Amino acid sequence: MNYDDTDFLIDQLQKGNERAYVFLVDTHTKRLFGYALTLTNDHAQAEDILQNVFFKAWKQRKKIGIKSSLQNYLFKSVYNEFINQYKKKRSTMILEQKYFASL
């Protein structure tokens, strides 16, 4: 099967083809990890971001609507996941500061 054809790859993902998913992960992990690492400067957090992005891609595969390119979609997903984690971490830090200030 030719998963290099993006439209075919997306079609196969939407149909639940696990080989297409493995191809997606294998093909894009290295570049996406590098990007996530530039955002976080934290190896573990970059891995978490990537894991969440690929998990969500599989979980929401039937709804994938790519308007530009698959690569752009994945990079944007990494960025959005980074922002989501940043907001959660920031909220936690604010709560911790309030807690310690009240002691």
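Me: Which residues have the most contacts inside the largest nonpolar core, and how many residues does this core have?

Reply: In this predicted model, the largest nonpolar core has 19 residues, and those with the most contacts inside it are Leu9, Leu24, Phe54 and Val78. The helices α1 (6–14), α2 (18–40), α3 (43–59) and α4 (70–101) each supply at least two residues of this core, and the largest share, 7 residues, comes from α2. As a general matter, nonpolar side chains in soluble globular proteins tend to be buried together.

Me: What is Leu9 in contact with, once its neighbours within four places in sequence are left aside?

Reply: With those neighbours set aside, Leu9 is in contact with Tyr3, Ala20, Phe23, Leu24 and Leu70. Leu24 is itself, like Leu9, among the residues with the most contacts inside the largest nonpolar core.

Me: Which residues form an aromatic cluster with Tyr3?

Reply: Tyr3 forms one aromatic cluster with Phe8 and Phe23. A search of the whole structure finds 5 aromatic pairs, where a pair calls for ring centres that lie within 6.5 Å.

Me: Why is Gln12 called buried?

Reply: The word buried is kept for residues under 20% relative accessible area, and Gln12, at 10% relative accessibility, therefore counts as buried. Gln12 is found in helix α1, and, leaving aside its neighbours within four places in sequence, it is in contact with Met1, Tyr3, Asn17 and Ala20. The C-alpha atoms of Gln12 and Lys62, which are 50 residues apart along the chain, are separated by 9.9 Å.

Me: Why do Thr40 and Gln45 count as buried?

Reply: Thr40, in helix α2, has 14% relative accessibility and so counts as buried, while Gln45, in helix α3, also has 14% relative accessibility and therefore counts as buried, given that buried means under 20%. With neighbours up to four places away in sequence not counted, Gln45 touches Thr40, Gln85 and Lys89, and Thr40 is in contact with Gln45, Ala46, Ile49 and Phe82.

Me: Why is Asn41 called exposed, and what is its phi?

Reply: Exposed means over 50% relative accessible area, and Asn41, with a relative accessible area of 72%, is therefore exposed. The place of Asn41 is in the loop between α2 and α3. Its phi is near 55 degrees, a positive value in a residue other than glycine.

Me: How do you know that Arg61 lies over the face of Trp58?

Reply: The distance part of the test asks for CZ of Arg within 6 Å of the ring centre, and Arg61 lies at 4.0 Å from the ring centre of Trp58. The test also asks for a position within 35 degrees of the ring normal, and Arg61 is listed as lying over the face of Trp58.

Me: What makes up the lining of the largest pocket, and what is its volume?

Reply: The largest pocket has a volume of about 150 Å³, and it is lined by Val53, Lys56, Ala57, Gln60, Tyr73, Leu74, Ser77, Asn80, Glu81 and Asn84. The elements that give two or more residues to this lining are α3 and α4, and the largest share, 6 residues, comes from α4. Among the lining residues, Ala57 and Tyr73 are also in contact with Ile64.

How values were computed
Residues numbered from 1 in each chain as written. Predicted model: local features only at pLDDT ≥ 70, side-chain atom pairs only at ≥ 80, totals over all residues. Heavy atoms only, no water. Core = buried A, V, L, I, M, F, W, Y, C linked by side-chain atoms within 4.5 Å. Buried < 20%, exposed > 50% of the residue type's maximum accessible area, 1.4 Å probe, protein only. Helix = DSSP H or I, 4+ residues; strand = E, 2+ residues; numbered from the N terminus. Contact = heavy atoms within 4.5 Å. Phe/Tyr/Trp six-rings, centres within 6.5 Å; stacked < 30°, edge-to-face > 60°. 1 Å grid on protein atoms, 1.4 Å probe; cavity = no way out; pocket = protein on both sides within 12 Å on 5 of 7 lines; lining within 4 Å. Points joined across faces, edges and corners; volume = space filled by probe spheres on them.
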